[in-house]
Amino acid sequence: MKCTEVRELLPDLAAGLAAAGPEINDHIGSCAECAGTLAELRATMTLLDEWQAPEPSPYFDTRLHAKLREEAAKEQPSGWLAWLRRPALAISLAAALVVGATVFRLQETRGHTSIQPVLAAEPGTAVGDLQALDNNQDVYADSDLMDDLQVQQDVTATP
């Protein structure tokens, strides 16, 4: 057997959870490093068997219950951000923000932004005509009327 295979079994051997086979005994007998590791693990297990957990103070339960009553009696935080400490509300707010941002981004990418100019110019003025052209750009782009108008202007402009 190799040292790596034996090292995996050493903690179980030291604790008495597994029996050592003949191959493992032969390896431990021939390998000083694995034999030293096994001896150290057995010494550690012996110390752990002797160790006893300390007993809690006789007034531990009384003090614990008093602390719990104090914490329960404290006023709940009252502020406009106190509701954020509740996980369900914080998660629902985060989900609403994500959905809102996603919808806004989808509208922007599709070109459906609903941002309108604050002041609408009167039709017939230069600004009003430019706004009408801008608002109806898709209609004019698909129409052949603009091409016809350009041809008419070229014909009337030539002397």
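Trainee: Okay, how many helices and strands are in the protein?
Mentor: Eight helices and zero strands. Reading from the N terminus, the order is simply α-α-α-α-α-α-α-α.

Trainee: And what's the mean pLDDT?
Mentor: This is a predicted model, and the mean pLDDT is 78, with 74% of residues at 70 or more.

Trainee: What share of the residues counts as buried?
Mentor: 8% of the 159 residues. As for contacts with a separation of 6 or more, 39% are between residues 24 or more positions apart.

Trainee: Switching topic: at what angle do α1 and α3 pack?
Mentor: About 25 degrees, and their axes are 9 Å apart. α1 covers residues 3-15 and α3 covers residues 32-50. Angles under 35 degrees count as roughly parallel, so α1 and α3 are roughly parallel to each other.

Trainee: Is that crossing left-handed or right-handed?
Mentor: The α1 and α3 crossing is right-handed.

Trainee: Which residues meet there?
Mentor: On α1, they include C3, V6, R7, L10 and L13. Among their partners on α3 are E33, C34, L38, L41, R42 and M45.

Trainee: How many of the residues in that contact are nonpolar, polar or charged?
Mentor: The contact of α1 with α3 has eleven nonpolar residues, one polar and three charged.

Note on methods: Residues are numbered from 1 along each chain as its sequence is written. This is a predicted model: local features need pLDDT of at least 70, side-chain atom pairs count only at pLDDT 80 or more; totals for chains, interfaces and linings use all residues. Side-chain values use heavy atoms; hydrogens and water are left out. Axes are lines fitted to C-alpha atoms, for helices over the stretch in contact, and angles run from 0 to 180 degrees between N-to-C directions. Helices (H or I, at least four residues) and strands (E, at least two) are DSSP runs, numbered from the N terminus. Angles under 35 degrees count as roughly parallel, over 145 as roughly antiparallel, 65 to 115 as roughly perpendicular and the rest as oblique. A crossing is left-handed if the near helix is turned anticlockwise from the far one by less than a right angle, and right-handed if clockwise. Contact means heavy atoms within 4.5 Å. Ala, Val, Leu, Ile, Met, Phe, Trp, Tyr, Cys and Pro count as nonpolar, Asp, Glu, Lys and Arg as charged, and the others, Gly among them, as polar. pLDDT is the predictor's confidence in each residue, from 0 to 100. Buried means under 20% relative accessible area, exposed over 50%, partly exposed in between (1.4 Å probe, protein chains only).
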